[in-house]
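Let's take a walk through a protein together.

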Amino acid sequence: MEIALIAHDKKKDDMIRFVTAYQDIFAQHRLYATGTTGKRINEETNLPVIRFQSGPYGGDQEIGALIANNKLDMVIFFRDPLTAQPHEPDVTALIRLCDVYSVPLATNMGTAEVLVRGLEKGDLQWRSIIRGETRHE
Ligand SMILES: O=C(CO)COP(=O)(O)O
């Protein structure tokens, strides 16, 4: 799976702890990240990360472009709900695109844990459900 990892500054330590805790699972997937988040993840876990611009410089939009081109399966975005961001419109646009394309999105660690455990079990079938190939009875 193709997974994007993004964290605002006050959430970066949480992201590192989270990726470290689930490192074995993340190691089986391809990781993408905004600039600073990706740099820290790579430095502190050694996992390979495909990095884009830093968020305020267009990184959220680059990740959004991947979503619009059907290139991402999951987004984990630890956003900071208590600090105003200069690129708030970009953040909103990224979240919106996840909903437009039904890409699983976690904006906090609780939801992220559910998603990652779903990955571990391999039972995320949302793409085939959208295509109408899977019937859940
Ligand atoms: O600002 C961000 C997401 O909106 C994250 O960007 P960085 O990973 O470069 O800090």
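Which residues does Glu2 touch, not counting residues up to four places away in sequence? They are Arg30, Tyr32, Lys71, Leu72 and Asp73. Keep in mind as you look that this is a predicted model. You can find Glu2 in strand 1, which covers residues 2-7. Is Glu2 buried, exposed or something in between? Glu2 counts as partly exposed because it has 16 C-beta neighbours inside 10 Å, while a buried residue needs 20 or more.

Next, move along to helix 1, residues 12-21. Its buried residues are Met15, Phe18 and Val19. These three cover an arc of only 95 degrees around the axis, so they lie on the same side of helix 1. And what covers them? The cover includes strand 1, where our walk began, along with helix 2 (23-26), helix 3, strand 4 and helix 6 (109-121).

Now let's turn to the ligand. There are 13 residues around the ligand, and those that come nearest are Thr34, Thr36, Thr37, Ser54 and Gly55. Sorted by class, this shell has nine polar, three nonpolar and one charged residues. Helix 3 and helix 4 (59-68) each supply at least two residues of the shell, and helix 3 gives the most, with three.

In an unreviewed entry, UniProt lists His8, Lys12, Thr34, Gly35, Thr36, Thr37, Ser54, Gly55 and His87 under "binding site". Let's visit two of these listed residues.

Gly35 belongs to helix 3, which runs over residues 35-45. Leaving aside residues up to four places away in sequence, Gly35 touches Arg51, Phe52, Gln53, Ser54 and Gly59. Because Gly35 has 18 C-beta neighbours inside 10 Å, it counts as partly exposed.

His87, in turn, is in the loop between strand 4 (74-78) and helix 5 (88-100). Why does His87 count as partly exposed? The reason is its 17 C-beta neighbours inside 10 Å, since a residue is buried only with 20 or more and exposed with 12 or fewer.

Conventions. Residues are numbered from 1 along each chain as its sequence is written. This is a predicted model: local features need pLDDT of at least 70, side-chain atom pairs count only at pLDDT 80 or more; totals for chains, interfaces and linings use all residues. UniProt positions are given in the numbering used here, feature names are shortened, and annotations may be inferred rather than shown by experiment. Helices (H or I, at least four residues) and strands (E, at least two) are DSSP runs, numbered from the N terminus. Two residues are in contact if their C-beta atoms, placed from the backbone, lie within 7 Å. A residue is near a molecule or strand if its C-beta atom, placed from the backbone, lies within 6 Å of it. Ala, Val, Leu, Ile, Met, Phe, Trp, Tyr, Cys and Pro count as nonpolar, Asp, Glu, Lys and Arg as charged, and the others, Gly among them, as polar. The arc is that of the directions from the helix axis to the C-beta atoms.
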